[in-house]
Amino acid sequence: MTPAEAAVKTKLYDPARPFTDRIEECIQRFRARRRLNSQRAAMFNKYLFLGGIDSSQRQFTGMARDKDAMAEADSEQVRTMKAVDFVGGNDYRFYNPSNPDDWEVDFEAIVKGFLSRSITDLYMYDANAIQIAADLIKNFLNYVLMQDACPEYAGNVVAARNVCDIAPTELRHTHELILELPGTFNCACRSLFCEGRVEHLDEQENYETIIQFRLTTLLWSLGKEAKEIKEQIIEARDPTTIKVISTTEETYQVLEIERPRHKDKMTVDEQLKKKGLNGKHKPAGFIRVAPAIMEHGWGNVPRPEEIDLSDADEEEYVLEDELLAKFEVGMKIHMTVCKLNVGLCFIKEVHDIRVSFDTFLPQYLMADWKDAVPNERPPPSIHDPDAEERVLSAETEE
């Protein structure tokens with residue numbers, strides 16, 4: 001960087017200037033220097049929209065008169081003419097400087113919302129698209145830090161950049177969990193106690209399933225209530241006495257992940273080999289969860305701040321170690337769960353899983369918003385139910 005360029009940078013990002021002016025300048029310069037292709041440009045526009053920044057096309061659209069104006073301009077003036085990213089505008093969907101109290105600066109929240117919701121809505125779990133989006137936003141955040149555009153938010157920008165690092169892996173794991181859950185143990189519980197196969201243990205497949213159930217519950221540490229549950233399972237010598245006493249649909253947030261230790265795995269393997277049961281089990285642990293809410297912005301669903309879940313009971317669910325390896329504390333799971341009369345809870349079906357950084361932003365609700373305009377068409381009524389249709393037909397004929 002030359003002394004002249006450094007002087008320009010210092011002037012542009014002078015902390016005395018309003019933050020909105022500095023970040024607008026930074027965004028425009030980033031887009032001009034990176035020359036984003038169509039896919040990346042569309043992703044970047046979505047990201048900016050969540051932050052309340054208008055990136056729609058402006059007056060210079062390639063027409064002849066615009067070419068004449070740009071022919072006489074220097075590079076900086078051309079960049080300004082071509083800029084499409086502006087902070088503040090007349091559209092209610094975007095940030096309005098006259099109502100700043102409705103907004104707050106939070107780089108981390110916008111990145112979380114963009115990568116956890118917007119990208120998956122557009123590309124599902126396309127690993128390549130997710131990686132491109134994460135790299136693009138990280139590149140932009142690095143540019144913000146390099147330019148020192150907003151030193152007062154540097155810590156928040158770094159936190160946002162960290163989300164870009166973990167997002168591709170966690171989103172991939174979430175997709176895999178949706179496909180793999182509820183896992184071998186929980187499927188065994190469902191088939192035995194929900195589908196009634198425990199009543200037909202004379203069949204080889206069902207007998208092996210009950211063996212799988214007993215091995216997992218008796219050999220592996222299953223959390224705080226494990227000792228009492230194991231005692232009740234041992235006492236229930238007749239498996240048909242074990243019954244489902246409740247089935248509910250719940251949403252939980254993961255508080256703790258307990259994976260089996262390598263030493264315990266080796267010990268159990270040795271014991272099973274001696275008894276000729278090698279290969280009849282998978283190492284298991286548990287997740288400890290608490291009730292939570294997945295926010296979607298629907299009017300008939302309570303928001304997290306409207307319900308106090310601080311005193312809600314925690315639950316534990318047994319899962320194979322290969323599944324536990326893909327969980328992260330903070331993930332949310334919407335699932336159907338059952339409780340047995342021996343105290344054990346198991347997962348019957350998983351409906352949705354969200355990453356640990358899942359964030360719902362109010363700006364999502366503004367995606368299809370259109371400002372209200374006066375309507376001169378007469379409304380339909382009981383006296384003239386076809387009034388609006390006649391006006392539409394007349395407009396079509398014109």
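Trainee: How do the residues of the lining of the largest pocket divide into nonpolar, polar and charged?

Mentor: In this predicted model, the lining comprises 28 nonpolar, nine polar and six charged residues.

Trainee: Which residues are the closest to the centre of the largest pocket?

Mentor: Of the 43 lining residues, Leu50, Gly51, Trp103, Glu104 and Ile110 are the closest to the centre.

Trainee: What makes the largest nonpolar core a core, and which residues have the most contacts inside it?

Mentor: A core requires buried residues of the nonpolar kinds joined through side-chain atoms within 4.5 Å. The set here has 49 residues, and Phe44, Tyr47, Leu115 and Leu141 have the most contacts inside it. Helices 2, 3, 6, 7 and 8 each supply at least two residues of this core, with the largest share, 10 residues, coming from helix 7.

Trainee: Which residues does Phe44 touch, beyond those up to four places away in sequence?

Mentor: Phe44 touches Ile27, Phe30, Arg31, Leu36, Leu136, Ile137 and Phe140. Contact means heavy atoms within 4.5 Å, so each of these residues meets that cut-off with Phe44.

Trainee: Which residues does the second, separate core include?

Mentor: That core has 19 residues, among them Leu181, Tyr252, Met331 and Ile333.

How values were computed. Residues numbered from 1 in each chain as written. Predicted model: local features only at pLDDT ≥ 70, side-chain atom pairs only at ≥ 80, totals over all residues. Heavy atoms only, no water. Buried < 20%, exposed > 50% of the residue type's maximum accessible area, 1.4 Å probe, protein only. Helix = DSSP H or I, 4+ residues; strand = E, 2+ residues; numbered from the N terminus. 1 Å grid on protein atoms, 1.4 Å probe; cavity = no way out; pocket = protein on both sides within 12 Å on 5 of 7 lines; lining within 4 Å. Nonpolar A, V, L, I, M, F, W, Y, C, P; charged D, E, K, R; others polar.
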